[in-house]
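Thanks for coming. Please have a look at it first.

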Amino acid sequence: MPDFPQTLALRSILKVLIVVFFTTVFASYVLFQARFVIAGPQITLTEEPTTQHNTRVVELVGTTKNITHLWLNDRPIFTDETGRFDETLVLENGYTIATLRAKDRYGRETELVRSFVYTPVSFIQ
C-alpha cells in the first residue's frame, strides 16, 4: 500500500517549485523588457565632427533611443522611424556650442554638448 502522506508532501513541494520557477521566469522577462525604460533617453553621434572648421556648416548625424522629444540648441528636430537624425548647424564666427537635448515619456532628460570653432580661411593675393 502506497504512503499517501509522503506522496501529498511531494506533490506540494513540486507545486511550490513550479510556481517559484514560473514566477522567476516571468520577473526576469519583465526586467529584461523594462531595460529600455530603466536606461532612459540616449543620444549618440555616429559621425563625431571635428572641433576646428574652415566652413560654416557642420553635419550632426546620430541616433537616439527611448525619446519622445529632441532639440538642437532649443530648436525641435525630428528623427526617422529608427531614431536616426541628420541636422546641419551653421557656425558663427569664432566659438559655437551645439547642445542636443532629448526627453523621454517620463520626463527624464539627457544632453550632449559639442563645441566648434570656425576660423575662416583668408586668401592673400
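Predicted model: local features only at pLDDT ≥ 70, side-chain atom pairs only at ≥ 80, totals over all residues.

Residues are numbered from 1 along each chain as its sequence is written, and side-chain values use heavy atoms, with hydrogens and water left out.

Strands first. Helices (H or I, at least four residues) and strands (E, at least two) are DSSP runs, numbered from the N terminus. Two strands pair if DSSP finds at least two bridges between them. Strand β7, residues 94-103, and strand β8 run antiparallel and are joined by ten bridges. Five residues lie between these strands in their hairpin, and there G107 takes a positive phi near 90°. Strand β8, residues 109-118, also pairs with strand β2, residues 52-53, this time in the parallel sense and over two bridges.

Next, T44, which lies in strand β1, residues 42-47. T44 counts as partly exposed because its relative accessibility is 43%; buried means under 20% relative accessible area, exposed over 50%, and partly exposed in between, with a 1.4 Å probe and protein chains only. Leaving out residues up to four places away in sequence, T44 touches G62, T63 and F85, where contact means heavy atoms within 4.5 Å. From T44 to E92 there are 48 residues in sequence and 24 Å in space, C-alpha to C-alpha.

Now the aromatic side chains. The structure holds one aromatic pair. The ring centres of F21 and F22 are 5.3 Å apart and the planes are at 75°, so the pair is edge-to-face. For the cut-offs, rings of Phe, Tyr and Trp (its six-membered ring) pair if their centres lie within 6.5 Å; planes under 30 degrees apart count as stacked, over 60 as edge-to-face and the rest as tilted. F22 counts as exposed, because its relative accessibility is 53%.

Last, the charges. A salt bridge is a side-chain nitrogen of Lys or Arg within 4 Å of a carboxyl oxygen of Asp or Glu. By this rule the count comes to five salt bridges. One of them joins the side chains of E48 and R114, at 2.5 Å, N to O. That pair links distant parts of the chain: E48 is in the loop between β1 and β2, R114 is in strand β8, and they are 66 residues apart. Both ends are partly exposed, E48 with a relative accessible area of 46% and R114 with 26%.

R101 and E109 form another salt bridge, at 3.3 Å, N to O. Is R101 buried or exposed? R101 counts as buried, at 18% relative accessibility, whereas E109 is partly exposed at 45%. With D74, these residues are linked in a network of salt bridges.

The side chains of R108 and D104 also meet in a salt bridge, at 3.0 Å, N to O. Here D104 is buried, with a relative accessible area of 5%, and R108 counts as partly exposed at 32%.

That is the end of my part.
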